[in-house]
Amino acid sequence: MTVRGLYGPDDFGGREPMDPQGRAAIVTGGAGGLGGATVRHLAEVGYGVVVFDRDAERAEALATELGDNARFATGDVNDDDAVAGAIAAAGELGTLSLVVNVAGGGVGGGRTVGRDGTPHDKASFTGTMEMNAFGTFNVSRLAAAAMAANEPTEEGERGVIVNTASIAGMEGQTGQLAYGTAKAAILGMTLPMARDLSSLGIRVCAIAPGTMGTPLMMSTPEELQAHLVSTIQFPKRMGKPEEFALLVESIVRNPYLNGESIRLDGALRFPPK
């Protein structure tokens with residue numbers, strides 16, 4: 001899926017939107033399903049892209065596949081030195097103008113009190129928060145400080161941050177306490193972060209995906225996939241990672257989108273169980 005040149009200068013009264021040429025992006029979790037699709041799409045439309053992922057082998061392989069307009073950086077999103085390394089790598093490719101926070105996941109799940117009376121594991125809850133909310137915050141704060149030094153566009157824009165939440169953060173199911181809370185925190189930080197960074201000309205939005213057909217999800221049993229698709233309204237399928245990447249590009253190219261959390265779910269609404 002490729003969409004090029006959604007807008008031109010004439011669409012904005014002669015003002016150029018954030019042209020990707022000469023600009024660089026960092027994608028955290030960039031070697032994964034949603035992250036990898038985003039990396040490929042951004043590279044295709046002209047960004048220099050840093051694949052930032054804990055899996056060094058996969059990150060390097062993707063950056064190598066994309067050639068001179070890509071770099072890889074490894075480490076944890078909560079490690080300031082690793083984030084600094086990703087920012088430095090972006091500087092080799094152009095002006096860091098876009099960060100897409102995709103890295104996340106879950107460390108176990110469970111109910112607040114299990115059926116056997118056992119309380120939810122505290123470590124898995126805090127670990128899930130660290131992977132998602134803390135990591136998103138950490139990369140955003142450090143990248144925004146770097147973007148603040150950019151030369152602004154005619155409208156004063158210096159950069160864009162796109163966070164990845166989930167519809168679980170809006171309507172988490174039974175057993176999704178940790179994951180739902182972590183994703184709700186990402187949704188909750190998006191508007192105040194946009195307000196905080198407005199004086200610097202940095203926009204912030206979030207995407208809340210539903211059931212996405214990542215390679216990991218597509219490797220699950222067909223019966224499970226059919227169950228997951230059953231409550232999606234239309235299109236009657238899982239979302240494609242490329243559709244996530246396309247929404248990232250759309251957010252970047254539309255300069256009036258700011259502080260917004262956008263569902264990407266085919267009108268899916270989670271049942272309570």
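Select helix 4 (residues 122–147) together with helix 6 (residues 177–197) in this predicted model: the two pack at an angle of about 20°, and their axes lie 8 Å apart. Since angles under 35 degrees count as roughly parallel, helix 4 is therefore roughly parallel to helix 6. Viewed as a crossing, helix 4 passes helix 6 in a right-handed sense.

Helix 4 contributes Ser124, Phe125, Thr128, Met129, Asn132, Ala133, Thr136, Phe137, Ser140 and Ala144, while the residues from helix 6 are Leu177, Ala178, Tyr179, Thr181, Ala182, Lys183, Ala185, Ile186, Met189, Met193 and Leu197. Coloured by class, this contact of helix 4 with helix 6 has 14 nonpolar, six polar and one charged residues.

From helix 3, pick Asp80, Val83 and Ile87, which meet Asn138, Val139, Arg141, Leu142, Ala143 and Ala146 in helix 4. By class, the contact of helix 3 with helix 4 has six nonpolar, one polar and two charged residues.

Next, leave the helix pairs and go to Pro235, in the loop between helix 8 (222–229) and helix 9 (241–253). The bond to inspect is the one from Phe234 to Pro235, a cis peptide bond with omega near -5°. Most peptide bonds, by contrast, are trans, and most residues other than glycine have a negative phi.

Select Ala267, in the segment after strand 7 (261–264), where phi is positive, at about 65°, although the residue is not a glycine. With a relative accessible area of 41%, Ala267 is partly exposed.

Finish at Thr214, placed in the loop between strand 6 (202–209) and helix 7 (215–218). Is Thr214 buried or exposed? Its relative accessibility is 16%, and because buried means under 20%, Thr214 counts as buried. To see some of its surroundings, show Gly33, Leu34 and Pro241, with which Thr214 is in contact once its neighbours within four places in sequence are left aside.

Key
Residues are numbered from 1 along each chain as its sequence is written. This is a predicted model: local features need pLDDT of at least 70, side-chain atom pairs count only at pLDDT 80 or more; totals for chains, interfaces and linings use all residues. Side-chain values use heavy atoms; hydrogens and water are left out. Axes are lines fitted to C-alpha atoms, for helices over the stretch in contact, and angles run from 0 to 180 degrees between N-to-C directions. Helices (H or I, at least four residues) and strands (E, at least two) are DSSP runs, numbered from the N terminus. Angles under 35 degrees count as roughly parallel, over 145 as roughly antiparallel, 65 to 115 as roughly perpendicular and the rest as oblique. A crossing is left-handed if the near helix is turned anticlockwise from the far one by less than a right angle, and right-handed if clockwise. Contact means heavy atoms within 4.5 Å. Ala, Val, Leu, Ile, Met, Phe, Trp, Tyr, Cys and Pro count as nonpolar, Asp, Glu, Lys and Arg as charged, and the others, Gly among them, as polar. Buried means under 20% relative accessible area, exposed over 50%, partly exposed in between (1.4 Å probe, protein chains only).
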